[in-house]
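Reader: I'm new to reading protein models. Could you walk me through a few features, one at a time?

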Amino acid sequence: AQTTLLVLAINYVEEAEEALTEMSNGVSNALEEYSKKQVCQLSDLVKLTQSDLSKGDRTRVMVCITMDAHARDIVEKMIRSNVDTIESFMWQSQLKHKFRVPPAHARYQGRDPTLRGDGGERAEVAICDAILPYDYEYLGNGPRLVITPLTDRVYVTATQALNLKMGCAPAGPAGTGKTETTKDLANALAKLIYVINCSPEMDYKGLGNIFKGVASSGAW
């Protein structure tokens, strides 16, 4: 499931950027044609859910529909806003999975040399100024959040903080999705995430045990 989602995300970015490049070269309807292709692919996935699928396969297809529906919405939004270049902020602010040789300004250049293509390509996630490696943490076959415009804005803020090696503190009322959004970003980056509820009873010993566990597992 994780490999499928990664390839799906990389393929979407390649096709969308190809359409935007064609528009820059004068093909005015390239993005509209790609949007029609997305709708057809989404319809095929919806039809697939009506067939006899195993529980695992159904979860995979549902996550693919969630991701593809967001991709379709982004492309339709770019069409409405007359976006015609890859450099547009509307496109740059999206979480984009890519398989390529890391650019010179990318962080963590030496990460995972054994998990690269023959030409030194790696899976990475680009968003605005941040280019972060895909960390290959095993995620299993779990569900993913529906991505809203607010989710996209949180992703931009959190990834820029990560890129600058800083922290990020989402604030808001209880139950609005701060933790779930952070967890979903970790899933998109294939990073390990630990959720710790800081109760008044927590002391230095409890915190020390958490740090020891994280460090001994090799996660930090």
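Author: Tyr134, for one, is buried, with a relative accessible area of 6%. Keep in mind that this is a predicted model, where local features need pLDDT of at least 70, side-chain atom pairs count only at pLDDT 80 or more, and totals for chains, interfaces and linings use all residues. Residues are numbered from 1 along each chain as its sequence is written, and side-chain values use heavy atoms, with hydrogens and water left out.

Reader: How many aromatic pairs are there in the whole structure?

Author: A pair of aromatic rings is described by the distance of the centres and the angle of the planes. Rings of Phe, Tyr and Trp (its six-membered ring) pair if their centres lie within 6.5 Å; planes under 30 degrees apart count as stacked, over 60 as edge-to-face and the rest as tilted. Searching the whole structure turns up two such pairs. Helices (H or I, at least four residues) and strands (E, at least two) are DSSP runs, numbered from the N terminus. The rings of Tyr134 and Tyr136 have centres 5.3 Å apart and planes at 85°, so they are edge-to-face.

Reader: Is Trp91 buried or exposed?

Author: Trp91 is buried, at 0% relative accessible area, and Tyr12 is buried too, at 15%.

Reader: What about strands? Which residues of strand 2 lie on each side?

Author: In a regular strand the side chains alternate between the two faces of the sheet. Here, Arg122, Glu124 and Ala126 are on one side of strand 2, with Ala123, Val125 and Ile127 on the other, and all are buried. Two strands pair if DSSP finds at least two bridges between them. Strand 1 (residues 96-100) runs antiparallel to strand 2, joined by five bridges, and Lys98 stands opposite Glu124.

Reader: Last one: what is the phi of Ala190?

Author: Most residues other than glycine have a negative phi, and most peptide bonds are trans. Ala190 has a positive phi of about 55° although it is not a glycine. You'll find Ala190 in the loop between helix 6 and helix 7 (204-216), where Ala190 is buried at 0% relative accessible area.

Note on methods
Buried means under 20% relative accessible area, exposed over 50%, partly exposed in between (1.4 Å probe, protein chains only).
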